[in-house]
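Q: I would like a close look at a single part of this model. Please keep to what the coordinates show.

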Amino acid sequence: EYKIESEKLPNSFHGQKIVQISDINYGTSFTSKDLENVTKKIKDLKPDILIFSGNLIDKNITLDKKNKELIIKNLLSLEDVSYKFSVIGKNDNTEIFQEIMRESGFTILDNTSTLVYNEENIPILISGISSDSNDFSFLTNPIEDVDTTNLYKIIITHSAEIIDNIIDTNT
């Protein structure tokens with residue numbers, strides 16, 4: 001658990017919780033029981049924002065209908081979370097990942113950004129970058145006619161090396 005302090009972070013976000021999960025790789029390192037346990041832990045933490053940063057299903061697993069429905073049921077049970085965001089991981093099947101995330105109420109942020117408001121008119125910016133991206137121009141574009149230059153920003157990606165690429169391009 002980390003406390004974030006920044007002059008750019010709006011006061012209305014004070015006390016808000018963000019939970020980030022990644023690399024479930026369902027089918028090999030995670031079983032249905034493991035997923036239920038993680039879902040319960042997330043509920044116990046009572047996050048305001050949930051971030052899933054990729055590798056939902058192991059790349060060597062062919063997901064059957066029963067397991068797909070079980071994953072969706074668990075992720076849908078996180079209904080008390082105000083915002084749920086995701087980005088695809090290196091090993092995710094894009095079509096299956098997107099289908100599960102959408103049906104589970106997540107907003108997929110692959111190479112897009114969104115504004116998150118909390119009780120006042122000053123938002124934070126959350127951007128998601130897919131693992132294979134090398135175009136970060138969307139990070140500097142205003143959205144919804146809002147100048148995002150001075151907003152508090154969160155970048156979600158599965159691949160840590162993406163951050164080095166962003167720094168190298170001065171984005």
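How many bridges join strand β3 to β4, and do the two run parallel or antiparallel?

A: The model is predicted. In it, two bridges join β3, which covers residues 83-86, to β4, and these strands run parallel.

Side chains of opposite charge can pair when their charged atoms come close. Three salt bridges are found in a search of the whole structure. One of them links K68 and E99, with 2.2 Å from N to O. Because K68 lies in helix α2 (residues 65-76) and E99 in helix α3 (residues 94-103), the pair ties together parts that are 31 residues apart in sequence. K68 counts as partly exposed, at 21% relative accessibility, and E99 is also partly exposed, with a relative accessible area of 30%.

A second salt bridge is formed by K40 and D44, whose closest N and O atoms are 3.0 Å apart. These residues are four apart in helix α1 (residues 32-45), so about one helical turn separates them.

The side chains of K3 and E5 also meet in a salt bridge, at 3.8 Å from N to O. Both K3 and E5 are exposed.

Key. Residues numbered from 1 in each chain as written. Predicted model: local features only at pLDDT ≥ 70, side-chain atom pairs only at ≥ 80, totals over all residues. Heavy atoms only, no water. Pairing = 2+ DSSP bridges. Salt bridge = Lys/Arg side-chain N within 4 Å of Asp/Glu carboxyl O. Buried < 20%, exposed > 50% of the residue type's maximum accessible area, 1.4 Å probe, protein only.
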